[in-house]
Amino acid sequence: MRDEYAIRRIVCYTLFIMIAALCHAQNYTYGTRFTLSARNFVDSIPIEFEDNQIYVKAITRGGGTYRFCIDTGSSQGIVYADGHFPWVRKLGKITSHDANGTSHKIDVVEYPDFRIGHLTIHGYTGSLINSHVNHSGYDAVLGFDLVNKGLAIKIDAEKGVMVVTDNTRFFDGECGFAVKYRLPRWVPVISVTPYSGCSDEVRFDTGSRRLYVMSAESCRKFSARFTDFSTQIEGTGMGSRAIGSFGVERTSAVSFLWLDELQWGGFSFCDYHTMTTQGTSRIGAEILRYGSVVMNPRRKEIIFQPRDSANMCMISNEQMDIAFIPVKGKPTVGMIWEGSQHYRNGFRQGDLIIGIDGQSINTFEQFLVYPFIKDHRHRFTIMGSDGIIRQIESER
């Protein structure tokens, strides 16, 4: 009996070890295990800056050419399950968080070897995301793990170049307005000042298109603390507009902001219209319209270099007073401000766009690529939440 009991203990212990090992193998831990083809290098890589997004051409070992989006708001790469990028194999699962605060456990996959500029990257990894409209126009994402690997990067959208080097002292002599960053969940978070006395913790996220959006939580905090913060709010409404990796943010109250100035390390972006989001506050790739950005991992700082020697610039942009989101794959008005021209023209929250200028629109992707003309009034065919179809003439 004693021998039988000992054998059972050994069998149970062995099974426990095997199950634990299997569970461990199914989980992936964030890291920068990928390798680079060069050391002590500086490479100037051509980029495209289009619709406030940064793109770089990547060539795989098999000769395929793909378009990557540079997204500092992502801790690692992203590959889309409905795309054509040929990832190599699954490595396990990881809990991923998007900018809207939603999290899912998803697969991590290995990229094939690919070259950007003169640099070949081996063993790069990315999250495998299910069908998602935001990847229209590119094949995969490169995340902030390039910087976490120790690469210093300067992005100059005006010259169309991204300078990449493993010499972390290479940019030490660069002038500009520097801010320190932290790395919660391995993405850079900095502090900016959207109003005198207000410090907002924001994600530096080049996957986001707008210069700045404020979290609804920050807006509530500033409104409670500073009675005159109300001067920065020009309207309120209900809706949702931000599309994260795992879907659209929840419908909630939205504040439309008109900021006197947004300060980044002593530099001021003045007269800026923006709004709140249910996700995190973010600084997006629109900042590259006004200057270059240097990311220095040794100093853990990001430097903004304006295109002239001034310490401020006037933005004077128009308010984004309407937003379209995918609902069951269809283009839908997710958010609209009642004080806007779009509202006066007849748009309402929940309206489904089924046609433009006589052309049927069946998917959100079709809506995204429709050739809208600036300052031109297009004819929209709308189905309201009451099921009634109507026509609206409005600019997009």
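In which sense do strand 29 and strand 31 pair, and over how many bridges? Strand 29 (residues 352-356) meets strand 31 (residues 377-383) in the antiparallel sense, over four bridges. The model is predicted, so to speak of local features a pLDDT of at least 70 is needed, and side-chain atom pairs count only at pLDDT 80 or more, while totals for chains, interfaces and linings use all residues. Residues are numbered from 1 along each chain as its sequence is written, and side-chain values use heavy atoms, with hydrogens and water left out.

Helices (H or I, at least four residues) and strands (E, at least two) are DSSP runs numbered from the N terminus, and two strands pair if DSSP finds at least two bridges between them. One of the facing pairs here is His378 with Ser394 of strand 32. Five residues lie between the two strands of this hairpin, and Gly387 takes a positive phi near 85° in it.

Another strand with two partners is strand 17 (residues 212-215). It pairs with strand 23 (residues 282-283) in the antiparallel sense over two bridges, whereas two bridges join strand 17 to strand 22 (residues 267-277) in a parallel run. Val213 has Arg282 as its bridge partner in strand 23, and Ser215 stands opposite Thr277 in strand 22. Val213, found in strand 17, is buried, with a relative accessible area of 2%; here buried means under 20% relative accessible area, exposed over 50%, and partly exposed in between (1.4 Å probe, protein chains only).

Attention now turns to charged side chains. Side chains of opposite charge can pair when their charged atoms come close. With a salt bridge taken as a side-chain nitrogen of Lys or Arg within 4 Å of a carboxyl oxygen of Asp or Glu, the count comes to 16 salt bridges. Arg89 and Glu110 form one of them, with their closest N and O atoms 3.0 Å apart. This pair links distant parts of the chain, 21 residues apart, with Arg89 in strand 6 (residues 89-97) and Glu110 in strand 7 (residues 103-110). Arg89 is partly exposed at 46% relative accessibility, whereas Glu110 is buried at 12%.

A second example joins Glu174 to Lys154, at 3.2 Å from N to O. Because Glu174 lies in the loop between strand 13 (161-165) and strand 14 (177-180) and Lys154 in strand 12 (residues 152-156), the pair ties together parts that are 20 residues apart in sequence. Glu174 is partly exposed, with 29% relative accessibility, and Lys154 is buried, with 18%. In a further salt bridge, Arg182 meets Glu201 at 3.1 Å, N to O. Arg182 sits in the loop between strand 14 and strand 15 (189-195) and Glu201 in strand 16 (residues 198-204), so this contact ties together parts 19 residues apart in sequence. Arg182 is partly exposed at 45%, and Glu201 is partly exposed at 40%. Salt bridges that share partners also join Asp172, Lys180, Arg298, Arg299 and Glu301 into one network.

Next comes the nonpolar interior. A nonpolar core is a set of buried Ala, Val, Leu, Ile, Met, Phe, Trp, Tyr and Cys residues joined through side-chain atoms within 4.5 Å. The largest such core has 63 residues, and those with the most contacts inside it are Phe68, Tyr212, Trp264, Phe269, Ile283 and Ile287. Strand 21 (residues 252-264) gives the most to this core, with four residues. Beyond its neighbours within four places in sequence, Ile287 is in contact with Phe204, Leu211, Trp264, Phe269, Val293 and Phe304, contact meaning heavy atoms within 4.5 Å. Another core, of 14 residues, lies apart from the largest one and includes Ile322, Phe324, Ile361 and Ile382.
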